[in-house]
Amino acid sequence: MKRFIGVVAGVTVLVTAAGGAGVASARPWTAPEAINWGPCEEARPQTGALGEALGRIGDAGEHVTRPVAGRRQAPVGQVECGTLRVPLDYSVPEGQQISLALNRIKGTAPLDGNHLGVMLVNPGGPGASGRGLARFVAASLPADVAARYDVIGFDPRGVGASEPALSCVDSARYFAPPRVDNVPRDAAEERALVARAREYADGCGNRWAWFLPYLTTENSARDMDAIRAALDEEKISYLGYSYGTYLGAVYATLFPQRVRRLVLDSVVDPAGVWYDANIAQDYAFDQRHQDFLDWIARHDDVYGLGRTRSGLSFAWYSMRSRLRSRPAGGIVGPSELDDTYTVGAYSSAVWPRLAQAFADYVKKGDTAGLVAAYRDLAASDAAEENSYAVYLGVQCRDAAWPRDWSRLHADTVRVAAKAPFIAWPNAVYNAPCAFWAERGGTPPAVGSAKLPPVLLIQARHDAATPYQGALRVRGLFPTARLVTVPGGDHGVALAGNACVDRNLAAYLRDATTPPRRIGQGPDAACQGAVEPRPVTPLASGGASGHPLLTRLLMGRVR
């Protein structure tokens with residue numbers, strides 16, 4: 001670890017720097033100017049789950065409101081927006097600057113009383129916008145807790161309204177459905193997939209050669225500390241989901257003295273960053289897909305697709321094969337099918353909708369459900385391409401990645417033999433890293449014993465961030481306490497589990513955590529949600545049947 005003297009908010013402090021990828025050696029720099037908050041130029045949600053969960057979202061001077069059954073909605077706080085200039089390269093802080101887009105929902109507690117400062121939030125990705133999550137968190141926390149925090153959302157470097165915002169290809173062309181099948185049947189099809197990955201990598205390298213070396217988790221963590229300094233706060237609180245847990249863990253490692261509260265939900269294993277983490281996902285997603293098929297089998301009286309996993313698996317892969325030659329609605333081929341049904345591994349709330357679309361196609365040849373689900377849950381646009389570009393930029397640069405396609409081919413063939421559901425789609429999704437203009441660096445060693453109490457939240461069968469990651473982070477942060485739920489839904493806090501939300505609220509109020517248990521198990525275990533009930537097909541559009549939190553974590557709300 002390297003050490004340097006920094007000037008933050010006018011006070012000289014001792015700060016640690018890991019000197020990882022994209023940070024040759026961070027240098028002292030003067031705190032940025034205060035953020036000039038003003039009206040937000042954001043679209044106002046109108047209907048559906050987004051409007052229901054967030055209430056009225058207005059410009060500065062208006063309020064986020066929370067749904068309250070049986071009475072008028074009560075104001076939570078004002079929504080304001082601003083930007084912050086930060087160094088592109090923290091080893092040359094006086095050099096080129098980039099801008100971060102932020103929003104703030106102010107708490108209503110008196111600043112000289114119960115107010116606990118700012119809480120930054122991040123939904124993950126990497127590549128997801130944090131501004132939608134800030135509105136969601138402010139509207140979803142208990143009123144007395146929300147009142148004590150200014151909730152700060154930010155678009156990480158390269159994302160959304162931050163400048164520059166990455167784009168590497170013409171998204172309408174590159175993602176036009178139906179795409180080539182991500183599961184190649186022969187060498188020629190595999191070469192086409194590799195060429196497509198190289199095209200994307202080359203597009204990013206040609207457009208963003210000056211930016212890609214500095215697109216790292218460590219630099220995003222330093223951006224978070226720049227936000228803290230610009231807000232003139234001695235400490236911050238933080239709530240991160242999914243990849244946001246890794247970002248929070250890196251921040252806490254670099255700046256432990258700046259942490260007031262730290263909540264990590266659906267925890268990334270820092271030992272797997274990033275190639276090994278993707279392989280671990282392959283096995284976990286396959287198991288979650290089998291859980292979905294088992295659920296359909298238990299409800300054969302509704303869907304009529306059979307009572308065994310083996311029979312349903314045969315029907316699933318037969319459907320996938322037929323879509324190669326006859327895409328549903330001319331749109332949903334096998335790759336679009338994979339994208340759509342992967343959402344079911346993130347949230348079981350969509351299982352009824354996905355099961356009905358599956359049944360309609362298999363039993364009646366009806367493609368409407370598949371097409372509607374794809375358009376609502378998985379279709380890509382320019383915003384999705386921006387998220388994808390940043391996702392690759394961070395993952396390819398944070399850590400070393402195989403540069404020889406033969407290694408990726410061999411690993412994918414090996415994994416697919418046991419866990420076929422997303423082995424090839426996941427490999428293809430990440431394949432541009434094999435050709436990325438910037439080689440991966442060395443990620444910082446995560447962990448610190450110098451933190452206040454930390455709260456970890458994890459579903460035991462989460463596919464995107466497997467349970468082992470939470471156990472590892474619990475060991476790396478001795479003050480951490482782990483709360484678990486059964487099931488596999490990704491993103492647990494503020495998603496409807498009363499036990500988890502009680503633990504979250506208690507921690508945010510006064511840093512209360514469960515007692516630490518000896519061994520590798522969780523420190524507290526909450527009961528999980530009841531399985532979804534089979535229902536009739538839901539209409540397409542809006543957020544029907546798809547939880548807002550899942551959309552936020554997948555970068556589909558900004």
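Predicted model: local features only at pLDDT ≥ 70, side-chain atom pairs only at ≥ 80, totals over all residues.
Let's begin with a pair of helices. Two packed helices are described by the angle between their axes and the distance between the axes. Helix α10, covering residues 309-325, packs against helix α12, covering residues 351-364, at an angle of about 75°, and their axes lie 11 Å apart. Angles of 65 to 115 degrees count as roughly perpendicular, so α10 is roughly perpendicular to α12. If you look at where they touch, α10 brings Leu312, Ala315, Trp316, Met319, Arg322 and Leu323, while α12 brings Phe358, Tyr361 and Val362. By type, the residues of this contact divide into 8 nonpolar and 1 charged, with no polar ones.

Now move to strand β6, residues 118-122, where you will find Val121. Is Val121 buried or exposed? Its relative accessibility is 0%, so Val121 counts as buried. Setting aside neighbours within four places in sequence, Val121 is in contact with Gly130, Leu133, Ala134 and Val137, with Val151, Ile152, Gly153 and Phe154, and with Leu239. The chain also brings Gly248 into the picture: Gly248 is 127 residues away from Val121 along the chain, and their C-alpha atoms are separated by 9.3 Å.

Our last stop is Asn497, in the loop between β11 (480-485) and α18 (498-510). Asn497 counts as buried because its relative accessibility is 13%, and the cut-off for buried is under 20%. What lies around the side chain of Asn497? A polar atom of that side chain is 3.1 Å from the backbone nitrogen of Cys499. The backbone oxygen of Gln527 also lies 2.8 Å from a polar atom of the Asn497 side chain.

Methods. Residues numbered from 1 in each chain as written. Heavy atoms only, no water. Axes fitted to C-alpha atoms, helices over the stretch in contact; angles between N-to-C directions. Helix = DSSP H or I, 4+ residues; strand = E, 2+ residues; numbered from the N terminus. Parallel < 35°, antiparallel > 145°, perpendicular 65-115°, else oblique. Contact = heavy atoms within 4.5 Å. Nonpolar A, V, L, I, M, F, W, Y, C, P; charged D, E, K, R; others polar. Buried < 20%, exposed > 50% of the residue type's maximum accessible area, 1.4 Å probe, protein only. Polar contact = N/O pair within 3.5 Å; in protein donor to acceptor, adjacent residues only side chain to side chain.
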